[in-house]
Amino acid sequence: MAEKVAAHITGTVVRVEVAKGTAVAAGQVVVILESMKMELPVEAEVGGTVVEIRVEAGQSVAEGDLLVVLG
């Protein structure tokens, strides 16, 4: 079953820390967001393999937007 990693705050994607096919551990940072001039890490809640990346650096996201899908 796919695990979805969503933005926990509205902001801008600074950096995507993973690539498609990357094995990710629970708690690992997958995306860095910037909001109010602060960089905030977004972590995977569970481990898995990155099957889809829905954002890229410079993209604006809203709270709840899908960032990465783990399989």
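Two strands count as paired if DSSP finds at least two bridges between them, and the strands themselves are DSSP runs of E, at least two residues long, numbered from the N terminus. With that in hand, let's walk through this predicted model, where local features need pLDDT of at least 70, side-chain atom pairs count only at pLDDT 80 or more, and totals for chains, interfaces and linings use all residues. Residues are numbered from 1 along each chain as its sequence is written, and side-chain values use heavy atoms, with hydrogens and water left out.

Start at strand 8. Strand 1 (residues 3-6) pairs with strand 8 in the antiparallel sense over four bridges, and there Val 5 stands opposite Val 68. Strand 6 (residues 48-53) also runs antiparallel to strand 8, joined by three bridges; here Ile 53 has Val 68 as its bridge partner. Four of the five residues in strand 8 are buried, meaning under 20% relative accessible area with a 1.4 Å probe, protein chains only (exposed is over 50%, partly exposed in between).

Now look inside. A nonpolar core is a set of buried Ala, Val, Leu, Ile, Met, Phe, Trp, Tyr and Cys residues joined through side-chain atoms within 4.5 Å. The largest one has 16 residues, and Val 30, Val 31, Leu 67 and Val 68 touch the most other members. Strand 4 (29-35) and strand 8 (66-70) are the elements giving two or more residues to this core.

Met 36 is exposed, at 73% relative accessible area.
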